[in-house]
Amino acid sequence: MKRGSFVALLILLVLLSVVSLFIGVRNITPWGLFQASEDQLQVFFISRVPRLIAILTAGASMSVVGLIMQQLARNKFVSPSTAGTMESASLGVLVATLMFSSASVLHKTAIAFVFALIGTVIFMRILEYAKYKDVIIVPLVGIMFGNVIGAFTTFLALRYDLLQSLNGWMNGDFSGILRGRYELLYIAVPLTIASYIFADRFTLAGMGADFATNLGLNYRFVVNLGLAIIALSSSVVVLTVGSIPYLGLIVPNVVTIMLGDNIRKTLPFTATLGALFVLVCDIIGRTIRYPYEIPISLVVGVVGSAVFLFLILRRGVYATA
Amino acid sequence: MQLLRKESGTVAAVTAAEHEQRQLRSLWLKLVFLALIGGALIALFLTINVTDWGFALPRRGRKVVAMLLVGFAVAYSSVMFQTITNNRILTPSIIGFDSMYMLIQTVIVYLFGGITLAMMSRELLFVINVGLMVLFASLLYRWLFRREGRNLYFLVLIGIIFGTLFGSFTSFMQRMIDPNDFTVLQDRMFASFNSVNEDLLLIASAAIVLVTLYSLRFLRSLDVVLLGRDQAINLGVAHANLVNRCMVVIAVLISVSTALVGPITFFGLLVANLAYQYMHTYRHAFVVPAASLISVIALVGGQLLVERVFTFSTSLSVIINFIGGIYFLYLLLRETRRD
């Protein structure tokens, strides 16, 4: 049954991907593709195809990153957008833009990566400091931590007149994706594959340092590897697409509710569902106000916070009962 | 012997009364001190670097009035809210009330369209907004606090997500609004600290004066509510009734402050807690004025800093969010250490 539903998800993903390729102001039809004019083909290969690839990669990798994060922090409500990772990466991009105005994309990625890593590690340290690790307190601290970093970033941006570009990468949006401006996202692909290879070890690490070490796991190495994957994927996504709220939070949780906690089994599912979710939200954003577009971060913000509310309220029911 | 006992009794009574007096006097002194600082800052704000009095004074004066109103509204609503919810972390803005106001406003713009609104008077629009806000805030509040003993942190988290939900939905609706309608209405409807919505000053002041006069008599009951719900009921406070009325007052105050300067998430938290710490008293008759004065000092002082030191290169709400966020984290972590 699980295999069946996985295949169904994949088929749906492929179908919607094809649909997504033919939505847009420029009228391109599947059957007209073979006799398309020069500039129709250009639109197709410079804008539509890269956009689809970016959607699929970003959706899959951010969901997988969320899954790993929840495993490592042993908390279902931790994700790049509820732990300050996204905000730290944005701060990194801003600092890179400020200090090295001519920095190449790779330099920016490196700096964003370092910031995201530091931010996530600080968050993990704060968690260690809080003795009372309530399921609810942890994401609360994370969101606040993100807010503080976000306020600092806005402060810097206001000071150096970069607020508009800041808003550009704080709000996830796929409309700016063109050939030559998204290839960085490919970095996320091997990272996602690496997470799959290390999935079992992340599960073990999630059981705590002592237990994992007892089972012969190099605990520190696995945790650091996980953090590096989280930080690098988040930075790459922030740089190319912008931050997409709640993505790494709701998709893994929905999958976990359906399939349980063995992340080796749930990881492919999570990746597929993540890609599908972003794809659907993007299609909504592109069609609801046609020919204008609504940025994906807003669509996901509305849908995502509603689902998140549902998840904690559902938790709350049996927590207080 | 008997005489002695009697005497010592009166002495004790006298010292108790004296102590009470002394405490009152020190509370008054603290208030006067705050008022002096606030007054000095306002005077400085009004007179600094003036070249053309006729031009500067009325504009700055309106700004000061707006800050006074906002400062009072935020402080009063936060203290009241913290008392009826019996904690010091939640404020109306943290559980998403001011984002809710923005959402209501946007939905109204969306439904009516720009032309109808442009013809409608601002005052009427404001009254409609406030009415809807009172309705929805009370509903949300009742829904959130319906079950007793709900975990406090749980409420905060839900509130924050509600804030994001309302915020995203507001931006979403703003994108759905016809761009022409939107530009017409943007300045009028969506204020910030740098563009205070000054047209609303008159009706905002009226609203604040009305709800304040209405709610002044609750202050003493609120002192009792601090003892906890059951105790308060025991002592003869009609708790549910009082809470409902307070929610109406809070909704109006939040509407006023959001309409004037937009959402400021952590400001209420900061000023309310500073007031508790500085005043060291449970009496709302002193805490509320102190919190209001502190918030006026923070607003006017902050605005002075922003305008003169940073020369408008930053915005006050960013500074407030930064400091307030750190303070909130500190409160949260301190609570978790204590458990």
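User: How much area do chain B and chain A bury between them?
Analyst: In this predicted model, the contact takes 40 residues from chain B and 41 residues from chain A. Of the area that is buried between the two chains, 81% lies on carbon and sulfur atoms. The total for chain B and chain A comes to about 3,900 Å².

User: Which element gives the most residues to the side of chain B that touches chain A?
Analyst: Across this interface the rule finds zero salt bridges, and one residue pair is in polar contact, with both residues at pLDDT 80 or more. The elements of chain B that give two or more residues to the side touching chain A are helix 14 (316–338) and helix 6 (152–176). The one that gives the most, with 16 residues, is helix 6 of chain B.

User: Is Arg74(A) buried or exposed?
Analyst: Arg74(A) sits in the loop between helix 2 (38–73) and helix 3 (85–99) of chain A, and, although it is not a glycine, it has a positive phi of about 55 degrees. Because exposed means over 50% relative accessible area, Arg74(A), at 55% relative accessibility, counts as exposed.

User: How far apart are the end C-alpha atoms of helix 4 of chain A?
Analyst: Helix 4 of chain A covers residues 105–129, and among its buried residues are Ile111(A), Phe123(A) and Leu127(A). At 1.5 Å a residue, its 25 residues should span 36 Å.

Technical notes:
Residues numbered from 1 in each chain as written. Chains lettered and ligands numbered in written order. Predicted model: local features only at pLDDT ≥ 70, side-chain atom pairs only at ≥ 80, totals over all residues. Heavy atoms only, no water. Helix = DSSP H or I, 4+ residues; strand = E, 2+ residues; numbered from the N terminus. Buried < 20%, exposed > 50% of the residue type's maximum accessible area, 1.4 Å probe, protein only. Expected span 1.5 Å × (residues − 1). Contact = heavy atoms within 4.5 Å. Buried area = accessible area lost by both parts, 1.4 Å probe. Salt bridge = Lys/Arg side-chain N within 4 Å of Asp/Glu carboxyl O. Polar contact = N/O pair within 3.5 Å; in protein donor to acceptor, adjacent residues only side chain to side chain.
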